[in-house]
Amino acid sequence: MNKNSVVAKKQFGQNFLKDESVLHKIIQAMPNNDNKIVEIGPGLGDLTKFLVDVKSVEAFEVDTDLCKILQSTFKKEIDTERLHINCGDVLESWESSLIDEPYDLVANLPYYIATNIILKALADPMCKNILVMTQLEVAEKFCATVGEKVFGSLGIITQSIATSRIVVKVPPTAFDPQPKVDSAVFLIQKTKDRSDENFEGLLRVAFKQPRKTLMKNLSQVYDKKILQEIFEKLDFTLTVRPHQVSTSDYHQIYNILKGNLDGRRNNTGN
Ligand code: SAM
């Protein structure tokens, strides 16, 4: 099999990026540092060929047919250790860190697992920056700011440890085959490591029913009296919705609730 006879496999989310101007914009947006590049889903290698020109690349590709094509296309880069290809499902080889050195994730991700991959990369202490293409709707969630309808757990988790921005919106015509949705490249630059894992638990409760009030969601799980005190302290009305509360206020809510729980634990001697 060669590059020209490949039929895209839907089950692996294969939409190959053909628009060279978008490939250039990805390369231009790459953070300037000495980190290794991790590419998830190199596909036919259209982005990979630009990446190996700039840095050494660790790639993860699930499709064995594509792995064979990549191995012959990039024989020279593999021999000189500029490129290493891991053939298999990236999620299966992802322990707490995907590789054991600092890296930036640069990829046109398989859309069906893009959110999961980005959350794993955000939690991975070795991952320093994330420059990826996903469907536009997902990109907007990771880059949302307080007050926007799409501001939710993904935006808050991101803002807690990083800055994020959309680099470029990309129409379906940039790909072969064309996806049904618009896409976007976005950049997340980490400023610190992942916040407390339990904080994400609070967010799940806060956004359980995103259109209900924050008080209604939180009071399903947390003590209403303590919540009323928190709302008073933070000057929130009872009608405030989850997307209208800022990332720093969520951290304040979390810290107060945590302090209360710890206090109660100490009082009972547990
Ligand atoms: N990077 C190429 C490009 O821009 O043309 C291909 C991008 S395509 C949207 C997604 C790629 O991810 C495909 O090559 C697909 O086979 C690969 N892929 C899908 N699921 C994967 C997984 N679990 N682990 C590693 N690669 C995966």
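**A walk around helix α10**

Visitor: Which residues of helix α10 are buried?
Guide: Happy to start there, keeping in mind that this is a predicted model. Helix α10 covers residues 224-233. Within α10, the buried residues are Ile226, Leu227, Ile230 and Phe231.

Visitor: Within what arc do the buried residues of α10 fall, seen down its axis?
Guide: The view down the axis of α10 is the one to take here. The buried residues line one face of the helix, because they fall within an arc of 140°.

Visitor: Which exposed residues does the face of α10 turned away from its buried side carry?
Guide: Turn to the face away from the buried side of α10. The exposed residues there are Lys225, Glu232 and Lys233.

Visitor: Is Glu232 buried or exposed?
Guide: Glu232 belongs to helix α10. Its relative accessible area is 67%. Exposed means over 50%, so Glu232 counts as exposed.

Visitor: Which residue caps the N-terminal end of α10?
Guide: Look for a side-chain oxygen that lies 2.8 Å from the backbone nitrogen of Lys225. That oxygen belongs to the capping residue, Asp223.

Terms used: Residues numbered from 1 in each chain as written. Predicted model: local features only at pLDDT ≥ 70, side-chain atom pairs only at ≥ 80, totals over all residues. Heavy atoms only, no water. Buried < 20%, exposed > 50% of the residue type's maximum accessible area, 1.4 Å probe, protein only. Helix = DSSP H or I, 4+ residues; strand = E, 2+ residues; numbered from the N terminus. Arc of directions from axis to C-beta. Polar contact = N/O pair within 3.5 Å; in protein donor to acceptor, adjacent residues only side chain to side chain.
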